[in-house]
Amino acid sequence: MTVERRDVPGLTAPPGYRHYAVASGSRLVFTAGAVPLDPMGQLVGPDDYQAQTEQVLANLLAALDAAGARPDDVAKTTVYVVGEGSEPKVAVWDVVQRSELATAPSTLVGVASLGYSGQLVEIEAVAVIDESGGKGS
C-alpha cells in the first residue's frame, strides 16, 4: 500500500502540502473531526489557536494509530478554523505545517463556529491502509 503525494507541473507550488495524492491499498480510514479536548473532555487552550491545533493533531494522530494508519498513509486532510480574516487560519496552518501531516493534500476552511463552546479548530483525515489493517507497507 502506498500514498504518493504529488504536485501538478505548471501550477503554483502549494504552501507546504501537495496538490493531490494517489493511493493504492485496500482499506480506507475516515476519521471524525478531531477536536481540542483532553482525555477528561476539557477544552484545551481557550482562545489559543496554536494550543488547540496541537491538541487536535495529537487526537487525530491517536485516532489514525488506533485504526492502523500512520501519518504517511494519510491521503487528505480538511482543516476547519473559526475566525474572520487570515490571521486565525495562518496561525493554525503554521502548526499543521510543523506536523507529521504537513505534506498531505489539504483543504483549509474558515467557518463561523464548531461543535464545542470555545472550539477554534477541527481536523479530519482520510488514510489508505493495506487489507490487514497493519501499519506501513
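Helix α2 (residues 87-97) has five residues to look at first: Pro 88, Val 92, Trp 93, Val 95 and Val 96 are its buried ones, where buried means under 20% relative accessible area, exposed means over 50%, and partly exposed lies in between (1.4 Å probe, protein chains only). These residues lie on the same side of α2, because the arc they cover around the axis is only 160 degrees; the arc is that of the directions from the helix axis to the C-beta atoms. Their cover includes α1 (49-66), β4, β5 (106-111) and β6 (121-129). The model is a predicted one, in which local features need pLDDT of at least 70 and side-chain atom pairs count only at pLDDT 80 or more, while totals for chains, interfaces and linings use all residues. Residues are numbered from 1 along each chain as its sequence is written, and side-chain values use heavy atoms, with hydrogens and water left out.

Strand β4, part of that cover, spans residues 74-82 and holds Thr 78. With a relative accessibility of 13%, Thr 78 counts as buried. Leaving aside residues up to four places away in sequence, Thr 78 touches Thr 107, Val 109, Glu 122, Ile 123 and Glu 124, a contact being heavy atoms within 4.5 Å.

The chain as a whole contains two helices and six strands, in the order β-β-β-α-β-α-β-β from the N terminus. Helices (H or I, at least four residues) and strands (E, at least two) are DSSP runs, numbered from the N terminus. The radius of gyration is 15 Å, close to the 14 Å given by the globule rule for 137 residues, so the chain is as compact as a globular protein of that length. This radius is taken over C-alpha atoms, and the rule is 2.2 Å times the number of residues to the power 0.38. Of the 137 residues, 39% are buried. Among contacts between residues at least 6 apart in sequence, 75% join residues at least 24 apart.

A residue of another kind is found in the loop between β3 (27-30) and α1, where Asp 47 is placed. Asp 47 counts as exposed, at 74% relative accessibility. Its phi is near 65 degrees, a positive value in a residue other than glycine. Most residues other than glycine have a negative phi.
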